[in-house]
Amino acid sequence: SQKYQLIAKAQLKKVSKLAARDNAKSESKAKKEEEDAEKREKNLEEAKKIVLKEDPSLPPAVRIKIKDGEKYRDKRVTIFGWVHRLRRQGKGLMFVTLRDGSGFIQCVLADILCQTEHALLLSTESSVQFRGRIEKVPEGKSAPGGHELKVDYWEVVGLAPAGGADAILNEEALPDVQLDNRHIMIRGENTSRVLLMRSVLLQALRAHFADRNYTEVNIE
């Protein structure tokens, strides 16, 4: 009996077309990636020429914590924090959810503020300083605290690695990777809420036993 059988001409033609199409797609993808890389490099070179300067005519900015934002609405403030979320909208608009350990606030950067080198390289978990005016969000819109920071000047304190926390911790991250990066894991909203609830429960238990003259003993 014949062990192998020659492929039919019609089938061979079909397979050849599929292979040619896949090769063309691969070449097109590689070319696009190369063009995108060149474009990014060009944009970065142009961005390096942009230097931000704080407007001296603006009122001094009061340094605050995010949790106190409502008290400082319609005032110019300074907030230090970490980039929790980041969304770019074209070349002239960028939305940053900032976190400082006391809460979250939406920050809006427009025009030249989001065209600098640091703006192009910015990723989640980068440390930044934002200055601007806290304003109530328009009717029908929502943001943490019901207000947002309209940034007029900002500086990078420290850039996070490219891709931010998502490059290390994502749905495919193995348990050992999560354990090795526990300091980043606990910055997430879900894990931080668990730790917050744990803190509240421990305080309640300690208060309960302290009221009854119990002595807390820790055995190492």
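The model is predicted. It holds 2 aromatic pairs. A UniProt annotation from an unreviewed entry, "domain: OB", covers residues 77-157.

**Pair Phe130 and Trp154**
- The ring centres of Phe130 and Trp154 lie 5.8 Å apart with the planes at 70°, so this pair is edge-to-face, as planes over 60 degrees apart count as edge-to-face.
- Phe130 sits in strand 5 (residues 127-136) and Trp154 in strand 6 (residues 147-158).
- The two residues are 24 residues apart, and their pair links distant parts of the chain.
- Phe130 and Trp154 are both buried.

**Pair Phe209 and Tyr214**
- The rings of Phe209 and Tyr214 have centres 5.0 Å apart and planes at 70°, so this pair is also edge-to-face.
- Phe209 has a relative accessible area of 36%, which makes this residue partly exposed.
- Tyr214 has a relative accessibility of 54% and therefore counts as exposed, the cut-off being over 50%.

**Helix 5**
- Helix 5 runs over residues 189-211 and has 23 residues.
- At 1.5 Å a residue, helix 5 should span 33 Å, and this agrees with its end C-alpha atoms, which are 33 Å apart.

**Annotated span**
- The record gives "domain: OB" for residues 77-157.
- Residues 77-157 are 58% strand and 6% helix.
- The end C-alpha atoms of residues 77-157 are 17 Å apart.

Key
Residues numbered from 1 in each chain as written. Predicted model: local features only at pLDDT ≥ 70, side-chain atom pairs only at ≥ 80, totals over all residues. Heavy atoms only, no water. Phe/Tyr/Trp six-rings, centres within 6.5 Å; stacked < 30°, edge-to-face > 60°. Helix = DSSP H or I, 4+ residues; strand = E, 2+ residues; numbered from the N terminus. Buried < 20%, exposed > 50% of the residue type's maximum accessible area, 1.4 Å probe, protein only. Expected span 1.5 Å × (residues − 1). UniProt positions renumbered as here; feature names shortened; annotations may be inferred.
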